[in-house]
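User: Could you take a close look at one helix pair here and how it ties into the nonpolar core?

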Amino acid sequence: MALEAPRRAIHARTARAPGRSSPPDVPGGQRGRLGAAPAGPADHPLRPGDAPRRGRPRNGTRVRDALTRERIAVAFRALGLQAGDVLLVHSSLRSLGYVEGGAGTVVDALLDVLGPRGTLCVPTFVFSLTGQPRPVFDPATTPSEVGAISEAARRRPGARRSAHLIHSIAALGPAAEEITRVHGPSAWACDGPFWQLHHFDAKIVLLGVPYLRCTYFHVVEQLVQTPKRVFREIDARLRRPDGTLTPLPTRAFVPVPGWRNNDFNKFGALAESRGLVRIGPVGNAVTRVLRARDVVAHGVREYREDPDIFNWTDPEYTPLRDGVLAEAQFVEKAVYDPAQLSVRSGDGPAR
Ligand SMILES: CC(C)(COP(=O)(O)OP(=O)(O)OC[C@H]1O[C@@H](n2cnc3c(N)ncnc32)[C@H](O)[C@@H]1OP(=O)(O)O)[C@@H](O)C(=O)NCCC(=O)NCCS
């Protein structure tokens, strides 16, 4: 079945900041200083004629073939991802365009790139339990609520998952046990997986989602003890493998009443201007790669200069130079062509 016309819930705006010009392209559409040298355009899943132009949606064009495991892996390598890496991947499957085999194919491609020495981490966050009285979290069965790719990774044999009511992490690979074994009550504290990602010098991958979804920026907010958030205790329980329940102390770092929100695109745009982010296409998805250690080092430094660096202060979220910010199902995506966001389960490649 061909892709449908965009649904009404999808809208897009260009992400170019007024008056800002983009730096010149490097081969393959990549920028930034992370990892290996970028590959040439021929290595990209998008053909040269489809090459995205920054800041301009390619309305009316479509990825003509399904994205395969091999093509996705090539695109990830072109972004500097390599064997032995530790990754934290935030994702939107529909942002890629049609993927043959769906979410599992993306997980396969990531594992192909990482090889046996690398470790893939995904957020497997659960927001729906917090409204319940004495919620029960079961790492083995509670589904991820942050996307099909994260859920596919969580369900892989051998996946480990940390025990946190809201912000659990699932991991596959040799470092998975060490990263997920301990997750204290406060999600982003030094006793949990997020700080382990700092220890392992992890790369954060934003696959078709903007910085708005980059949870790692909360690590800095917690380090600097932002006055925009306060701790709230939640009386939760953990279901153990033998079925018994045990206390799962949870301290959520929640917004103070009346505070508007984060604008993580603001710090993301700054990180891009400092050359800390590698950017390029994986299919239709604008994909950004940055290091956890850079987020902490630069985030703390920038916070000292501007305590609003993570806060939403302008009328709109901070614009980003590459691609467009497009809403689908009321959540922002980072894509080159918003028309392709209409891909649905059961669709085939565009013709
Ligand atoms: C919320 C979010 C996951 C939604 O993204 P999405 O692409 O719409 O949804 P998923 O990633 O779950 O993918 C499922 C969608 O992919 C699309 N899809 C289905 N099969 C597909 C295929 N073979 N190829 C490509 N897309 C496909 C469909 O649109 C499907 O939605 P449907 O089940 O309603 O039809 C995403 O916007 C997001 O924010 N991701 C990051 C989340 C995160 O890490 N948050 C942490 C901080 S809060």
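Analyst: **Helices α1 and α2**

Helix α1 (residues 69-78) packs against helix α2 (residues 103-114) at an angle of about 50°, their axes being 8 Å apart. Quick caveat: this is a predicted model, where local features need pLDDT of at least 70, side-chain atom pairs count only at pLDDT 80 or more, and totals for chains, interfaces and linings use all residues. Residue numbers start from 1 along each chain as its sequence is written.

Helices here are DSSP runs (H or I, at least four residues), numbered from the N terminus. Axes are lines fitted to C-alpha atoms over the stretch in contact, with angles from 0 to 180 degrees between N-to-C directions. α1 and α2 are therefore oblique to each other, as angles under 35 degrees count as roughly parallel, over 145 as roughly antiparallel, 65 to 115 as roughly perpendicular and the rest as oblique.

On the α1 side, the contact uses Arg69, Ile72, Ala73, Phe76 and Arg77; α2 brings Thr105, Val106, Asp108, Ala109, Leu110, Asp112 and Val113. (Contact means C-beta atoms, placed from the backbone, within 7 Å.)

Now the core: a set of buried Ala, Val, Leu, Ile, Met, Phe, Trp, Tyr and Cys residues joined through C-beta atoms within 7 Å, buried meaning 20 or more other C-beta atoms within 10 Å. Of the 90 residues in the largest one, Phe76, Leu87, Leu110, Leu120 and Cys121 touch the most other members. α2 gives the most to this core, with six residues.

Leu87, neighbours within four places in sequence aside, is in contact with Leu81, Leu110, Leu114, Leu120, Cys121, Ala202, Lys203 and Val205.

Conventions. Helices (H or I, at least four residues) and strands (E, at least two) are DSSP runs, numbered from the N terminus. Two residues are in contact if their C-beta atoms, placed from the backbone, lie within 7 Å. A residue is buried if 20 or more other C-beta atoms lie within 10 Å of its own, exposed if 12 or fewer, and partly exposed in between; C-beta atoms are placed from the backbone.
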